[in-house]
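Subject: Structure for you to look at

Hello,

Here is the structure I promised to hand over. Please open it first, then read my notes below.

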Protein chains: 2
Amino acid sequence: MSKRQLSLNAFLMATGHHIAAWRHPDVPAGAEVDFKEYLRVARLAEAAKFDALFVADGVAVNLESAGSYEVAARTARASYLEPFTLLSALAAVTERIGLIGTVSTSFNEPFNLARKFASLDWISGGRVGWNQVTSNTLAEARNFNRDEHLDHALRYERADEFLDVVKGLWDSWEDDAFVRDQASGQFFDSAKLHELNHRGKHFQVKGPLNVARSPQGYPVLVQAGSSEAGKEIAARTAEAIFTAHQSLESAQAFYADVKGRLARYGRRPEELKVLPGILPIVGRTAEEAQAKYQQLQELVHPQVGLSLLSGMIGADLSGYDLDGPVPQDLPETNGGKSRQALLLDLAAREQLSIRELYLRIAGARGHWTVVGSAEQIADQIQLWFENGAADGFNVMPPWLPGGLEDFIELVVPELRRRGLFRAEYAGTTLREHFGLARPENQYALQRQQRAAS
Amino acid sequence: MSKRQLSLNAFLMATGHHIAAWRHPDVPAGAEVDFKEYLRVARLAEAAKFDALFVADGVAVNLESAGSYEVAARTARASYLEPFTLLSALAAVTERIGLIGTVSTSFNEPFNLARKFASLDWISGGRVGWNQVTSNTLAEARNFNRDEHLDHALRYERADEFLDVVKGLWDSWEDDAFVRDQASGQFFDSAKLHELNHRGKHFQVKGPLNVARSPQGYPVLVQAGSSEAGKEIAARTAEAIFTAHQSLESAQAFYADVKGRLARYGRRPEELKVLPGILPIVGRTAEEAQAKYQQLQELVHPQVGLSLLSGMIGADLSGYDLDGPVPQDLPETNGGKSRQALLLDLAAREQLSIRELYLRIAGARGHWTVVGSAEQIADQIQLWFENGAADGFNVMPPWLPGGLEDFIELVVPELRRRGLFRAEYAGTTLREHFGLARPENQYALQRQQRAAS
């Protein structure tokens, strides 16, 4: 058997992951709504044999992290292409790379979501993944008929039921249901069609879905929450988990935690890929990398940095001295609980001022920033990969396309020399890239089990 | 000024518009979920300089027109690609042709819909249109948390408010809001950002949309209802109306009716394009056309024809003699009211049996079927176009791609010889193809009006 291989996704946020990316002189103006620029990035990642593109999303201009429109106006996060339309367009002009889209369970109907993913899986020949999020901002709730956000527990309860419904809909048709016999006039075999007839607390959905079961059965299920509820949903149903860690120890603890929960659901550790985020700033030398990083950091406006930190930590920090310590006694938040704890822990451990903390997270929004030469970055990736911290990474280019080009040109060849990353795609679907099995249709499986007993 | 030009859309339903299309020996098996087949059709239509592709849709396996799964299993309407994903993929591999998608106002959230259309308008460079429908089947309602369908009046009330919300969201940003000044760090001008703050009976949406105002301002607004409520919405807001007529007189009356309503809303007749459906069966001779039609009609299973008719007319006809007259005293339906009246009128006028009526509509689902040589079909198109019945047509190929190839190879050159249809695209956006103005942003307009007064 061949050596265990890294998975690498290119994580896309419009002009790049760093908050000041759009001000980088190499970033084209208007890239955030220019399909040609997204396509350029997709083709780079595909030529480098990345597992997938991973598209971030939100359903509002987020004033909770920006604080005000005046602050938001200094960032490039207020306008970008929507994931289903973007990934569908990219599906038509790429061949092998996976396409993972972030879509909320709080502000969509399961029938619509199940149908779009099934359709996109057909269009792309089985390359689709779904990053499930529950949407944690008030700004999003206010675009969907609410004055207040759904409570954290209720969001996860809805997400849980949502997933049951969409998985049921994706099994509406057995794989061989469509016989398409022109001579007899039989298009499908109605014995292989299954109504869902779901009646639950949040949803009532009869089915069947009006799309045949897709090449992958259903999209690769990705989960991004690191709260207790999020980890439990991931253990039960997710096939990949996207997570944020600043240190090897933290990543190892998380990795052991979620992998350890799988057995309870009759699953094996390799059925869930753990993919931390990494924001790499790569130079031909360590010094060149530091200079690149410095160039970006200097473009961060203090107002933006402070607002971003306040948003992520779930408390208004504008009353504090920027060069004083980060207060540890903040109120608990209804948003991402795990994020506040991570940030407070980091500030305490390294004794960071508010300014120093916001400059840390301005780049990577709580993710792991690694600045160095190709060898140094490959060393870190290898360390995490070989020591129970990661099965692969969501690579977050600091700016686009340059930050991704650097990684591909310098780090990827180094990973290949070490035998850690593919030189060619072996399969054609995202499941094959990730080494995940194609799920069997639950009704077909039940019939096989009945026949065998 | 150049001669008034026809608009032609290629109306797409998976394997073709005729109910038995999938059984035609030239239709590839599996075309309904094969993106390559949709792309083949799109490229044919674009090479012929059609204004747009027009994609039909529903959000259920529709048992109301099929009657039962056993009947539905004899048709190819149970599985096909979803419009947003399909049109986005086609946008990436076409250059000029418009892309009109059918999307329901009853089972979507306005923020999600506004955002996807804005994104797709960016991706396609301004080629998008939205065919608004309210969804009239119980099967659809049951996939979206309901036991009963929304009442006709309530659906239209919701549709009306929905449209106000999405138009407001599309104006969230003025066209020049994004300054993207890398040096000063100003990405947008917050004075050109407008929150919607809509609070209505059906929706509460704060905005702004997180996509910049798109190339066309907003998609071309297409409307398909022919009921009183539908015509009034069309007169107020639609830019194109898709309609079904079996005779010149009926089409003329409809054309005069809707054009006559426009002045009430301060609009001119040319701001609304009237586009009836036409299902053309073309031969090199009239006899060849009749033979092609006969070949298709013979593939219609009686059970399918009867169920289809029952579904369209809104009453169960299975208890009646197939070769007896169509009963005229049917109960009024909550679905498409105008459709029942059209069908009863046709049956009475031509004294059709139930079988004859279902064979009429099996082909074109209530639309105008024209069987003949290229000259005969061009004559009919010209007659309607020049006599106040149509500004263009939704061309419904009976099977795909052959039925479209026939029309393009034989009828389109004849229309060009008569000076009725373009030989090249003059513009790049769907609005330009249709001769429709780009709408101004409502907030910018208000400011101009204030400055002028």
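Let me start with how the copies are arranged. A rotation of 180 degrees superposes chain B on chain A, with 0.0 Å of shift along the axis and an RMSD of 0.0 Å. The two copies are therefore related as by a two-fold rotation axis. Please keep in mind that this is a predicted model.

Which residue of chain B comes closest to the rotation axis? That is Ala89(B), with its C-alpha at 2.0 Å. Both copies use the same surface: 100% of the contact residues of chain B recur in chain A.

Next, the interface. Chain B brings 78 residues to the contact, and chain A brings 78 residues too. About 6,700 Å² is buried between chain B and chain A. Carbon and sulfur atoms give 55% of that area.

How many salt bridges cross the interface of chain B and chain A? The rule finds eight. One pair to look up is Glu32(A) and Arg180(B), which form a salt bridge. Their closest N and O atoms are 2.8 Å apart. Polar contacts were counted as well. Across the interface of chain B and chain A there are 50 residue pairs in polar contact, with both residues at pLDDT 80 or more.

Now the elements behind this. On the side of chain B that touches chain A, at least two residues each come from helices α3 (69–72), α4 (83–92) and α5 (110–124). Strands β5 (178–181), β6 (186–188) and β8 (204–205) of chain B each supply at least two residues as well. The largest share, eight residues, comes from α5(B). By class, this side of chain B has 40 nonpolar, 21 polar and 17 charged residues.

One residue is worth a separate visit. Thr243(A) lies in strand β10 of chain A, which covers residues 240–243. Is Thr243(A) buried or exposed? Its relative accessibility is 2%, so Thr243(A) counts as buried. The cut-off for buried is under 20%.

What does the side chain of Thr243(A) make a polar contact with? The partner is the side chain of His245(A), at 2.8 Å. Thr243(A) also has contacts beyond its neighbours within four places in sequence. They are Ser226(A), Phe254(A), Val274(A), Leu275(A), Pro276(A), Gly277(A) and His367(A).

Best wishes

Key:
Residues are numbered from 1 along each chain as its sequence is written. Chains are lettered from A and ligands numbered from 1 in the order in which they are written. This is a predicted model: local features need pLDDT of at least 70, side-chain atom pairs count only at pLDDT 80 or more; totals for chains, interfaces and linings use all residues. Side-chain values use heavy atoms; hydrogens and water are left out. Contact means heavy atoms within 4.5 Å. Buried area is the accessible area (1.4 Å probe) that two parts lose on being put together, summed over both. A salt bridge is a side-chain nitrogen of Lys or Arg within 4 Å of a carboxyl oxygen of Asp or Glu. A polar contact is a pair of N or O atoms within 3.5 Å; within protein, one must be able to donate a hydrogen and the other to accept it, and residues adjacent in sequence count only if both atoms are side-chain atoms. Helices (H or I, at least four residues) and strands (E, at least two) are DSSP runs, numbered from the N terminus. Ala, Val, Leu, Ile, Met, Phe, Trp, Tyr, Cys and Pro count as nonpolar, Asp, Glu, Lys and Arg as charged, and the others, Gly among them, as polar. Copies are superposed by least squares on the C-alpha atoms of residues with pLDDT of at least 70 in both. Buried means under 20% relative accessible area, exposed over 50%, partly exposed in between (1.4 Å probe, protein chains only).
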